[in-house]
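Please read the following note alongside the sequence and the model.

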Amino acid sequence: MSELSAARASSPAAPWRIGVDVGGTFTDMVLADATGLTYSFKVPSAPADPSAGVLRVLRAAADAFGKPVEALLESCGLFVHGSTVATNTMLEGKGATVGLLTTRGFRDSLEIRRGFRENQWDHRRPFPPVLVPRYLRLPVSGRIDRDGCEVEPLVAADVEAALEEFGRERVEAIAIALINSFLNPVHERACAEIIRDVWDGDPDLVSLSSEIMPIMGEYERTSTTVVNACLAPRVVPYLKDLNARLAALGLERPVLLVQSNGGMTSVGRIATRPVRLLLSGPAAGVGALNAYRKAAKTGNLISMEIGGTSCDVMLMERGAVSVRDALTVAGYHVATPSVDIHTIGAGGGAVAGVDDGGMLFVGPRGAGADPGPACYGLGGTEPTVTDAQLVLGRLRPGPYADGSIALDRDLAFAAIERAVADPLGLNVEDAAAGIIRVVEQHLLLAVQRISVERGRDPRAFALVPAGGAGPMHGAAVGRTLGCARVYIPRHSGVFCALGMLYADIRHDLARVFLSTLDDVAPGELEAGFERLEGEARTMLAEEGFDRDAVRLARELDLSYRGQQWVVRVGLGDGAGRDPVDIRERFENEYDRLYGHTQPDGIVEISNQRVVGTGALPRLTIGGTGKATRDPMPLEIRSVFVDPGIGRRDIPVYAGADLRPGHAVEGPLLVEERTTTVLVGASDRLEIDAADNLVVHLPMEAA
Amino acid sequence: MNAAAPERPAGADIDPVALALTRSRLDEACRRMGQVMTRTARSPIFSDSHDFSCFVTDRNGALVSQADGIPIHTGGGGFTVEAILAEFGGRIAEGDVFVSSDPYAAGGNHLPDWVISRPVVVDGETIGFACNRAHQSDIGGGAAGTYNARATDIWQEGIRLPVMRIVERGVLRRDVWRLLLLNSRTPDLMDGDLRAMMGSTRIGVERISRIARELGVQTAFGLLDAILDHGERRLRSALGTLPEGRYESVEYTHSDCFDEVDIAIRAAVTIADGHATVDFTGSDPQMRGFKNSSLVNTHSAVYLAITSYFDADLPRNGGSLRAIDVIAPLGTVVNPRPPAPLSMCTATVAHEIGHAVWKALAAADPERACAGWGKSIHGVTSGGMDSPSPWVMYHWNTLSGSGAVKDRDGFNQFGHVGTLGGITMHNVENYEQRYPARFARQEFRRDSAGPGEFRGGTGIDYEVAIGEPAEYAFRGEGLIHPSGYGTNGGRTGAAGRMTLAFDDGTERPAPRYGVEAHGPLRLHALSPGGGGWGSPLRRGPDQVLRDVRDGVVSREAAENVYGVVVGDDGQTVDTPATEALRASRG
């Protein structure tokens, strides 16, 4: 199943599912039919009108199947969309003009940002521009105290005066974030009511912090609410429009969207919460791991998706990917449930060089798409990881990436010689091998951060490299980690689009619950959980899931007294209502994370959470024809295999020639349309029944 | 201990790829130590203000890597390990753990910062040390919360720790542990924090020994040396961009914590041959109060000021520190004789030392000049000392405005130079849950930022009501005198102010320094603004308009100081009037 493989397909079996991932450069589509056969398509994105990109890729698919677009949509049982439109709105600074109501005395929380600095030594760098200028952050009198009691009434005249100012400044959306509203939202709601009466904007464009994310901490709550308001006028009309256009073309069920938590939701539900879409694209990786679980025969997977500029790492343990409270987008703090993805600047385009003290570096800066690596011949002179792979013989000179670029080995050689080999006194091949070792160590550390640092032993996981550059590094990184297997999806180039077809509907609900564990009133805790569970059931029922199809999981955020960082602890089914049991679960997890506990420490609860999931019927990835004879290599090529072996003549296979049932011993290369797989000297490559590539690594004492 | 150092491999034998790999692995080990500390320590000070640093030294005490640290700790690490070696050299065993703090006897920077150090031993050879320096919540002494503003000698500041073994060959010395806890008003916090420090250094030792075992001990020695050499080359190359010469400056603190007196810190920075010598000869004698800077802190403040002048990615290790010499005459405010008190020094006079060095560097290279940062005024309020749950609340939310640099206005609320903005402030909602406090205000001041083409930070207007009787330790360095100096024609930021308002309706200024007990009150503070960079007459009129609309610059100041006339609607610049006004000012 290579890209654009539909040409050989007759007709997919209805009903099918369609996933469309609109990225910055390409719009990817994956169609999975009723028998589990999967087809993928790729077209350039249309940044000015993302829905045009969606329609274009649908048309490309329809043409390939020889059907009208309407026929494609009419038989589509599930249409899932992931989009960077929210992320790009933030990255490009194109959010709406927002007016913010704050409690008098605190109009600057948003701009003070609690003093968070990414790197304090980089003090010359300004903060990213504040999302709401001070003249649009207007105070209202009225105060709720720390027990949630009103100690000063809300002054309606302040709200009215602020609205006048907002009107003059033509704000497009309004955010309300008042002190202690997470305990008592009465003032925020009163503000909203006045706004409804006075303001002529769409009520969906008013964001209340007590509704968007009722957490303790005015800075994070305000920032999240403001980002939501910035996004609403930009993202929601696009989604509604897309939904309408597809419906007009025959799509019966509403479009589903991938949220930052890796689960899906409907366009209607996201309309008031667009802030939950910020990780929409990469979070679909959760679904992709879900898709490969069965074939890979393990729920313990670590994905390493490497593109041109960055590498996204995600860990699935026993079928679950952990979700954290917050993420940062373009320097803005957003507290929404988000898949735990660790991203580093280490892609194929990562620039290598030697600093003025004589130290070799690779990344984090990338050469981008233009000029790109030196070997692209587009004017780039700085050597990159791709240049090193070319010099080492692992990439083939000539047409690359579906023929869109031609790789020039001489340019790569010259760039490495000038910028790395000569300054370090190495020959060019050793310099290229050094670049690969350094970037692979960055990848290794990235995987360790999401595994070892979270108390997970990577040896118990299979590594899933994806993206254009992932499969080249998978075996080497997996070997150093001590993994037994590296599982390389054929569809690694459309990893996220595929993942959309395998995601579940998911809602993360939370409420603040402040108590020490020892003093907790079990009835109150139970009542809180039941309230959240009721909300989750209602939401899922509206999305068509009856009681039996709904899964609910309870969690608590716990910490020792005085600690700022909480540990999220799952309470399991029915159990976990007893403080002793809860403490034990907390200490097990704490010990796993940090290697010690505080036996006499006081445990505090800060939030209770419910995750509601509506599971869609599982698709099975179907295989294609089994192998009938041994594969023949395309050629034997001289390739630098690893620092121990150096250069050797090894076989190079075409991906299309490797079929389920094939098994070949490394070292070898597999060339797919958009990626190349390197299999090491003691490794064995098998094609499994689902037509994916499995690299078995030798097990030895580390 | 491996006293006889093996012959150092020549630089040419170093594999440059192994060097890059090893450096990043060591940095990662250090970062991981810091992460464990942030997440497991019990006192909020570590997750909030990162008032700790994790570092790794080589076997001689040269700093190899440091992560997640408060900048004013930079350069302090080596002194601690040198003190360990002086005391225990030749008798250090695998499984030993040391604790130390004293600035006069144990290579410490100030008494509240305790260092836990563990040797990394592989194949019987000491490779180096994994260490964690962290500010304790309370160490006894004359005031709760480690800052005794009345101290006139070091004994009034808390328990003094020489270098001690807290763990001997893997066995915890419970007697020492109990001694430490017994000397703190907050033994619970200290117990949790020490465990976190022990945990983080243990992880450091595990990771570094793995690296050394994989490399082989001799190769590891060679690579550690090469990492230091690289650091030295980088800083020398940065210093080489400055014109050679001798640049002098002076900076004052205006109080000895008892009386208003001007105390001078004089710095002469000599740049020659890619090397900097910072000479404090001529600085005033040590003072009575607790702001004297220990020698370790003086070194750190100098390293901080110099390295922060250049690129953020410069290595800050024992190698780069070789490119800097510090001359600090004994008996002065930058290198006092015992028993002078000095707990305040990591804020003040570290801030003044940083300013003095920045001013000297500005004379060498005005383009990169850093305008002055408002000095800190954040005190500590504590209470409930007789109750089961004593509390110590830092007024971090009064942090000052920082100074401008070219192309960047000062940050409106940022903190003092010693942190370089590394303090994370609280949400008032969290603080209200934790302390008997209700906050009324934390907002930018108006007309307080040092004017300039790039203006300083505004500083903060802060008000909080404390509902219980409590003790107040005041540290109002940034009060009364303006402290954020301007540069290149930029002007100075406004001074801070602090008042106390009592339930009986009376109000009075807070003392600059001192410790007082009070019933419920309202504390009102204006923190100082930062200095501006370049002439305010060159500031873009649209930026001035934005400041006016934002309410941080008044229309009068826009006209009088910036030469920008804002139209009657308050929304536009009157361009002809502005051009005429600016032309008349030349």
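Where is the place of P364(A)? P364(A) is found in strand β22 of chain A, where helices (H or I, at least four residues) and strands (E, at least two) are DSSP runs numbered from the N terminus.

1. Basis of the note. This is a predicted model, in which local features need pLDDT of at least 70 and side-chain atom pairs count only at pLDDT 80 or more, while totals for chains, interfaces and linings use all residues. Residues are numbered from 1 along each chain as its sequence is written, and chains are lettered from A and ligands numbered from 1 in the order in which they are written.

2. Confidence in chain A. The pLDDT is the predictor's confidence in each residue, from 0 to 100. Chain A averages a pLDDT of 91, and 96% of the residues score at least 70. Over residues 1-9 of chain A, however, the pLDDT is below 50. Beyond near neighbours in sequence, this stretch has 22 contacts in the model, two residues being in contact if their C-beta atoms, placed from the backbone, lie within 7 Å.

3. Backbone geometry in chain A. Most residues other than glycine have a negative phi, and most peptide bonds are trans. The peptide bond from G363(A) to P364(A) is cis, with omega near 0°. A cis peptide bond also links A14(A) to P15(A), with omega near -5°; P15(A) lies in the segment before β1 (16-22) of chain A. D691(A), although not a glycine, has a positive phi of about 70°. This residue, D691(A), sits in the loop between β36 (684-687) and β37 (693-696) of chain A.

4. The contact between the chains. Chain A contributes 54 residues and chain B contributes 56 residues. On the side of chain A that touches chain B, at least two residues each come from α4 (109-112), α8 (218-248), β22 (360-366) and α14 (428-450) of chain A. The largest share of that side, five residues, is supplied by α14(A). By class, the side of chain A that touches chain B has 21 nonpolar, 18 polar and 15 charged residues. Here Ala, Val, Leu, Ile, Met, Phe, Trp, Tyr, Cys and Pro count as nonpolar, Asp, Glu, Lys and Arg as charged, and the others, Gly among them, as polar.

5. Domains. The bounds come from an automatic or database domain assignment. For chain A it gives domain 1 (5-90 + 237-277), domain 2 (116-225), domain 3 (505-614) and domain 4 (635-696). The centres of domain 3 of chain A and domain 4 of chain A, taken over C-alpha atoms, are separated by 46 Å. Chain B is divided into domain 1 (11-235), domain 2 (369-539) and domain 3 (541-585). The C-alpha centres of domain 1 of chain B and domain 2 of chain B lie 31 Å apart. Their contact takes 17 residues from domain 1 of chain B and 20 residues from domain 2 of chain B. The side of domain 1 of chain B that touches domain 2 of chain B has seven nonpolar, six polar and four charged residues.

6. A helix pair in chain A. Helix α5 (residues 156-168) of chain A and helix α6 (residues 186-198) of chain A pack at an angle of about 45°, with their axes 10 Å apart. Axes are lines fitted to C-alpha atoms, for helices over the stretch in contact, and angles run from 0 to 180 degrees between N-to-C directions. α5(A) and α6(A) are therefore oblique to each other, as angles under 35 degrees count as roughly parallel, over 145 as roughly antiparallel, 65 to 115 as roughly perpendicular and the rest as oblique. A156(A), V159(A), E160(A) and L163(A) in α5(A) meet C191(A), I194(A), I195(A) and V198(A) in α6(A). These residues divide into seven nonpolar, no polar and one charged.

7. Helix pairs in chain B. At what angle do helix α1 (residues 16-40) of chain B and helix α5 (residues 187-215) of chain B pack? The angle is about 165°, with the axes 8 Å apart, and α1(B) and α5(B) are therefore roughly antiparallel to each other. The residues of their contact divide into twelve nonpolar, six polar and three charged. Helix α7 (residues 295-309) of chain B and helix α8 (residues 350-364) of chain B pack at an angle of about 40°, with their axes 9 Å apart, which makes α7(B) oblique to α8(B).
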